[in-house]
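I opened a notebook page for this structure. The entries below follow the order in which I looked things up.

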Amino acid sequence: MALSLSERQKAILFAAVLIPAIGGLYATTQLIQPAPVQATTVDFVRLDIGGDGWSIHYGPTNTTNNTAFGLLLEASKALSFSVRWSNWTWPAGVLVTAINGAANGLDDRFWQYWVNGRCGNVAADREAIRSGDEVLWNFTVITCG
Amino acid sequence: MTSRWKAALDRGLGDRRSRALGILLIAFAVIGKLALLSYANLEPIFAASIIAGSVLGRWWTVIVPLAAMLILEPIEWGSLYPGYALDAIGGVTFFVITGFLFVGIAGRRLRPRVAFRVGSLALLTSISVPLTIVYDVWTDVGDWYFLLRHAGESFGTVLEMQIPFTVYHILSSLIFVPLFGAAFTFLHYHLAEVRATGEDAQKAGAS
């Protein structure tokens, strides 16, 4: 004999399946969010920016902008060049879209960053830097996965 | 000639109820996406597309996703990706728009089975999960071809990078499809009942 459910019972059953599924997926999204970086002072960090036929170098003695993005913004203010970016909530972080007028996508090149030669694999404002680190922002074809 | 065009428009756009709901669906998609602009892959447009096809049908299957994208694309590229070069934008946009059109058409195939019933909402919600995955794979083709292929990235790598975004997208579908679906099927069938009741009352008054 087939089980016959009323619309109300079907609605309750539907909600009983859907709400835990949404909760589980939401919990997963929170787990995969990159952690924010606590501001601390770092010394003798170096920033190099390689653009389309130009380069910029910046090396503060110390700074509290201890992320790859924070250092870039500090340099842009100190050396008067433009940086454009978009802010994301999910996944949390920034995406740099143009530096000094060179925009992502031009000739299939994009802004990517490295810290001590290692490709950044999180948003630049979630990549902590330490004293003595070297940060490179390069406008090139995508090489970081 | 004019009456032929008018007849075609009436057939394609449906009655006033369908037209009002179609415009409302576009508004929900646009306002919803603007409110969630900084949340990658939370896509009210996906839900609007599947509901346009499954509840409204007719030309709304195409009009809703197209209209929403035509309004949103300049805003999204301007605010989220300022400075992106035009050829990258054009290529990726083609895959996004055709992806939503596919979702609308898939919804259209479900239309005979959709009513204001829990079973219909459950069907729409369930089907939205594999459709979300198919949509994401399709747009990944565009991302790979226009953004990553020249760098030597394999399509497999692109799919791997897509995984967390697909999690966001499935979450979005599970929230918006039943939510919009319940609201619009209710409005669609409730307005039909109100109209039928009104017509019956008019006939009773006339006789």
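Leaving aside neighbours within four places in sequence, which residues is D136(B) in contact with? I found N41(B), Q162(B), F165(B), T166(B) and H169(B), with contact meaning heavy atoms within 4.5 Å.

I noted the basis next. This is a predicted model, in which local features need pLDDT of at least 70, side-chain atom pairs count only at pLDDT 80 or more, and totals for chains, interfaces and linings use all residues. Residues are numbered from 1 along each chain as its sequence is written, chains are lettered from A and ligands numbered from 1 in the order written, and side-chain values use heavy atoms, without hydrogens or water.

I placed D136(B) in helix α6 of chain B. D136(B) is buried (under 20% relative accessible area, 1.4 Å probe, protein chains only). I looked for a salt bridge (a side-chain nitrogen of Lys or Arg within 4 Å of a carboxyl oxygen of Asp or Glu) and D136(B) has none; K33(B), the nearest side chain of opposite charge, is 11 Å away. Its side chain does make a polar contact with the side chain of T166(B), at 2.8 Å.

I then turned to the two chains. Contact between them takes 35 residues from chain B and 34 residues from chain A. Between chain B and chain A I counted zero salt bridges, and five residue pairs in polar contact, both at pLDDT 80 or more (N or O atoms within 3.5 Å, one able to donate a hydrogen and the other to accept it; residues adjacent in sequence count only if both atoms are side-chain atoms).

Conventions: Helices (H or I, at least four residues) and strands (E, at least two) are DSSP runs, numbered from the N terminus. Buried means under 20% relative accessible area, exposed over 50%, partly exposed in between (1.4 Å probe, protein chains only). Lys and Arg count as positive and Asp and Glu as negative; His and the chain ends are not counted.
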